[in-house]
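Below is a walk through one protein structure, written to be read with the sequence and the coordinates open.

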2 protein chains.
Amino acid sequence: MTTSRRPIDAESVTAWDLEADVVIAGYGIAGVCAAIEAARAGAEVLVLERAGGWGGAAAASGGWIYLGGGTGLQRSLGFEDTAENMEKFMSAALGPGVDEAKIHDYAHGSTEHYDWLVDCGVVFKEEFWGEPGWEVPHDEGLGYSGGENAAPFNTLAQPAPRGHVPQMADKQTGVRGAGYMLMKPLVETAETLGVRGEFDIRAHTLISDAQGRVCGVQARRFGQDLTVRARRGVVLATGSFAYNAEMIATYAPRLIGRPAAAVEEHDGAGILMAQAAGAGLAHMDATEVAFFGDPQMMARGILVNGRGQRFIAEDTYGGRIGQAALIQQDNAVFLVMDMDSHEEALGTETSTPYFRQPPTWAAETVEELESDMGLPAGALTSTVETYNRHAADGDDPLLHKKQQWVRPLTGPVAAWDMRGFTAGFTLGGLRTDVDSRVLHVDGAPIPGLFAAGRCTSGVCAGGYASGTSLGDGSFFGRRAGISAAT
Amino acid sequence: MTTSRRPIDAESVTAWDLEADVVIAGYGIAGVCAAIEAARAGAEVLVLERAGGWGGAAAASGGWIYLGGGTGLQRSLGFEDTAENMEKFMSAALGPGVDEAKIHDYAHGSTEHYDWLVDCGVVFKEEFWGEPGWEVPHDEGLGYSGGENAAPFNTLAQPAPRGHVPQMADKQTGVRGAGYMLMKPLVETAETLGVRGEFDIRAHTLISDAQGRVCGVQARRFGQDLTVRARRGVVLATGSFAYNAEMIATYAPRLIGRPAAAVEEHDGAGILMAQAAGAGLAHMDATEVAFFGDPQMMARGILVNGRGQRFIAEDTYGGRIGQAALIQQDNAVFLVMDMDSHEEALGTETSTPYFRQPPTWAAETVEELESDMGLPAGALTSTVETYNRHAADGDDPLLHKKQQWVRPLTGPVAAWDMRGFTAGFTLGGLRTDVDSRVLHVDGAPIPGLFAAGRCTSGVCAGGYASGTSLGDGSFFGRRAGISAAT
């Protein structure tokens, strides 16, 4: 078996074990969307999947997909949105350093992309879920997913919910998560179009001709190397590098030991094999960061860092709290609440019991709590005093938490030690253009090579909103399929 | 002229315009050290420099070079240090994600490296400078350079000054900065050894043979492509990508529009040409970040972020303040001082007039100042109250500024708006091993290709200390020269 990733010279290939017009590595969200579009463009399509079945990280995920600009679901639920508005939010929230061309195309193509998904059989239930929370508690189809309706974005762009969630299957057919229910109709669509899937086979190395055009891949199945010919193009859709410890240490060390929302197959293979052909990279340090706290509690309390200082509007998207915690607060976060607010949070129908933890410290006064937490005298009490001073008027001039969640902390108080409550997946990867062509470091596309999904750098540079990963994986996956087939 | 960076097949080269055993691209600190060692190992050495003369960013720099473990200079000035102690500090301060093997070799080879520099003619004046400040005010040879003697590092490792500064030339010979005085004796040493320099010529593309071994470079001079044969090896020492706007946007977007301490020649060329041969990268988001404030003032005042909160021990290294400001505080920093401390700072012999700015706001009380600054009522006053409460006892339990700088703010106060006072250069680049071999993405060295200096990822992953860039550039530059020659 080869261990090198260096592209193999096609002239050295004596026989092809498998062959198709378009060969796609990875049968997750990007791969299936590429397959559908390539097949519709008239190509014979072969998908190579290293796991025993289709799905990838998408099928195991919460299924959120970021769509807007006035999708059918948004309109039917009474939400106004425009592509410009969506573009404005994405540019502000997903940077710094976003790929503006990708965000432009993504935002302006979003309603069409929604229709395409629905045509493929993805079902979005016409129900909105507006409470702070961790994903949706039932099978609602729409929710806020990136802090659109919280500070600072609620004054930068008109808030609109853009987290579209495929309806989970009911109990009669077996409970199936939204990610699975996104992938299933797409795979069925692909199969109807004649797309062939080969499983337990992992692409390892590109094969290219004398002119540098990628014309196949070498792949491994049960310890054997196979050669796979791609008459028109190769699409890499192999997922992130969240489970490649060496790449994490090298590019995104804050995530060392904290992988999440990815599958172990995400070993960066697609990135490495394209890099070996001279492909450029982008935003390799960018990471989604989840924060495992109960949003119903966080919105009602205050979050403080290791110095007892507030740092974020507590009613924003959990992914923003996670990024702020890991990158800006050295992973030290404490939740402080009074008992009344705590009881209220626990009493909400949509609170998230999974994330409830007993308090680490409880005290009669903030002074006592501060001392119990080992904070210097005045560190937390001054934070609470300033918060309470304005909360009495329903204001939060420091961080602009929405009025509905602002209330002075009174009576007995408690704090939860949330240090290290973060985990995430990687957002950086291959540099591609809006047609999903993989770009060489000299700026020109590498002939015959296309990529989408988390082995590429997509619409997110530094920030994140739930659904942007399945979103750009599917959107630019389709483009990869079209480009590869034509 | 070619625009592609794709390696050129040596078989297509009909004639070589220039030739040597070892060809080095870039005549800055890494290049000159590689040249000396390659020549001493018996190689014929040719250095290609795109500017009109030697020097690179090093000659224009402050010349600090990070050395320790008990160098001659440290010992003669009465400072104890060990390699283990140095390694401990570097691992803590330069991460997360540091290359432990590189730091180990660097720390344990540091006293030998000091002797080597001195043998080459670099002069370090036996004088220590211990005041907070921006580089050294005169021609002192040793100072703290990375926050070794400030929190949190002063309790993690025994503090020792490791910033070694070559003595500047005096007025009789023309004032010459320490960076120039580092480079000059090294270039003279190289020339004595027969190293040849060619100027106004920029390496653009690697040339490699059928087995993938790098055997030369294509370079440009006055619009013409030249072929340069390297019989033994090519060393890339072309500097950072601080002045490549596209690479900054793609890898380190926080530095957009903020390049500093680099020269315009730092366009990432060496990184790109090696990437095109399949080289891996590391820590592309890592950046040195300078903060243009007067250390004598900052140590005596308090630094607060856009929410009026303290976030760093104000007596630490300015580069740490810069990184914290840009990455963790969204580039929003304000300096708050009382008038007594301000006068004291201005009166010190070693204050830095260049960085003095008139206050943006001045007021009789902190309440007024807070209001003038547009901060919410209580935001700054509570910060000052908590600071003063402990400062009365000479303590700073929140951030552990050293006792000598801790004093309650009293009487009239002023604040300086220091938003956007940051600029920096990039620390990420090619992945190399401790022998300065450029590593392919598959992990194996690329035969014939070596690199050092800021086109590589060195001892810094996320953090920085002044002198580590000239430090690892010279240290691993030497290794590149030895590896390439043998």
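Is B:Asn331 buried or exposed? B:Asn331 counts as buried, because its relative accessibility is 11% (buried means under 20% relative accessible area, exposed over 50%, and partly exposed in between, with a 1.4 Å probe and protein chains only). B:Asn331 sits in the loop between α11 and β15 of chain B. Its phi is positive, about 65°, although it is not a glycine.

This is a predicted model, in which local features need pLDDT of at least 70 and side-chain atom pairs count only at pLDDT 80 or more, while totals for chains, interfaces and linings use all residues. Residues are numbered from 1 along each chain as its sequence is written, chains are lettered from A and ligands numbered from 1 in the order in which they are written, and side-chain values use heavy atoms, with hydrogens and water left out.

Helix α11 of chain B runs over residues 318–328, and ten of its eleven residues are buried (helices are DSSP runs of H or I with at least four residues, strands are runs of E with at least two, and both are numbered from the N terminus). Among the buried residues are B:Gly318, B:Gly319 and B:Gly322, along with B:Ile321, B:Leu326 and B:Ile327. B:Gln323 and B:Gln328 are also buried. An α-helix has 3.6 residues a turn, so residues three or four places apart point the same way. The cover over the buried residues of α11(B) includes α11 (318–328) of chain A. From chain B, the cover includes β13 (287–291), α10 (295–300), β14 (302–305), β15 (333–338) and β18 (422–426).

Just after α11(B), B:Asp330 has a positive phi of about 55°. In chain A, A:Asp330 has a positive phi of about 50° although it is not a glycine. A:Asp330 belongs to the loop between α11 and β15 (334–338) of chain A. With a relative accessible area of 58%, A:Asp330 is exposed.

The backbone of chain B also has cis peptide bonds. One joins B:Gly95 to B:Pro96, with omega near 10°, and B:Pro96 is in the loop between α4 (83–93) and α5 (100–108). Another joins B:Ala151 to B:Pro152, with omega near 0°, and B:Pro152 is in the loop between β6 (142–143) and β7 (163–164).

Next come some buried positions. B:Gly216, in strand β10 (residues 214–221) of chain B, is buried at a relative accessible area of 0%. Leaving aside neighbours within four places in sequence, B:Gly216 is in contact with B:Leu206, B:Ile207, B:Val228, B:Arg229, B:Ala230 and B:Val234 (contact means heavy atoms within 4.5 Å). B:Gly216 and B:Trp16 are 200 residues apart along the chain, and their C-alpha atoms are separated by 9.3 Å. In chain A, A:Phe355 is in the loop between α12 (339–347) and β16 (361–363). A:Phe355 counts as buried, at 8% relative accessibility. Not counting residues up to four places away in sequence, A:Phe355 touches A:Trp134, A:Phe292, A:Gly293 and A:Asp294.

Chain A as a whole has 15 helices and 21 strands. Its radius of gyration is 24 Å, close to the 23 Å that the globule rule gives for 486 residues, so chain A is as compact as a globular protein of that length (the radius is taken over C-alpha atoms, and the rule is 2.2 Å times the number of residues to the power 0.38). Buried residues make up 63% of the 486 residues in chain A. Of the contacts in chain A with a separation of 6 or more, 74% are between residues 24 or more positions apart.

How many residues of chain A are in contact with chain B? There are 48, and they meet 48 residues of chain B. The two chains bury about 4,000 Å² between them, 51% of it on carbon and sulfur atoms (buried area is the accessible area, with a 1.4 Å probe, that two parts lose on being put together, summed over both). In chain A, A:Arg6, A:Arg307 and A:Gln328 lose the most area to chain B, together 15% of what that side buries.
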